Amino acid sequence: MLVTFTTDAYADITMFGDDALAMLKMMGHSGTVPGAILATDVPQALSRLTAALAAQKEASAPIENDDEEEPVVSMANRAQPLIELLTAAAKADRNVMWK
């Protein structure tokens with residue numbers, strides 16, 4: 001499953017479903033797809049996401065990589081496009097939707 005995040009203030013972001021659902025839960029959302037965050041709630045969702053990613057980074061152990069040819073991509077790196085989308089939506093006072 002793929003989840004696409006949209007807002008009028010930034011380009012659409014598509015990510016794998018498992019990662020998207022984990023990030024939605026970090027933002028304090030139920031993780032239902034489709035869904036939306038009202039413009040007034042976007043700054044708080046962004047704050048929750050960045051705080052959860054920071055806490056996860058501090059608490060995580062080194063990740064084992066079974067496939068030496070493929071680099072390990074952290075959740076913080078996977079979240080960067082979504083953080084940029086949420087930041088743009090917060091600045092422009094726009095809703096964020098996903099499907």
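From the N terminus on, the elements of the protein chain run β-β-α-β-α-α-β, where helices (H or I, at least four residues) and strands (E, at least two) are DSSP runs numbered from the N terminus. This is a predicted model, in which local features need pLDDT of at least 70 and side-chain atom pairs pLDDT 80 or more, while totals for chains, interfaces and linings use all residues. Residues are numbered from 1 along each chain as its sequence is written, and side-chain values use heavy atoms, without hydrogens and water.

Colleague: In what order do the four strands of the open sheet lie?

Modeller: Two strands pair if DSSP finds at least two bridges between them. S3 and S4 pair in the antiparallel sense over three bridges, and Ala 36 stands opposite Met 97 in S4. The pairing in the open sheet is antiparallel, and the order is S2-S1-S4-S3.

Colleague: Which strands stand at the edges of the sheet?

Modeller: A strand at the edge has a single partner strand, so one side of it is left without a neighbour in the sheet. That applies to strand S2 (10–16) and strand S3 (35–37).

Colleague: At about what angle to S2 does helix H3 run?

Modeller: Axes are lines fitted to C-alpha atoms, for helices over the stretch in contact (heavy atoms within 4.5 Å). Angles run from 0 to 180 degrees between N-to-C directions. Helix H3 (residues 75–92) lies across S1, S2 and S4, and its angle to S2 is about 150 degrees.

Colleague: Why does the pair of Phe 5 and Trp 98 count as tilted?

Modeller: Rings of Phe, Tyr and Trp (its six-membered ring) pair if their centres lie within 6.5 Å; planes under 30 degrees apart count as stacked, over 60 as edge-to-face and the rest as tilted. By this rule there is one aromatic pair. The centres of the Phe 5 and Trp 98 rings are 5.9 Å apart and the planes stand at 45 degrees, so the pair is tilted.

Colleague: How many residues apart are Phe 5 and Trp 98?

Modeller: The pair links distant parts of the chain. Phe 5 is in strand S1 (residues 2–7) and Trp 98 in strand S4 (residues 96–98), which puts them 93 residues apart.

Colleague: Is Trp 98 buried or exposed?

Modeller: Buried means under 20% relative accessible area, exposed over 50% and partly exposed in between (1.4 Å probe, protein chains only). Trp 98 has a relative accessible area of 2%, so Trp 98 is buried.
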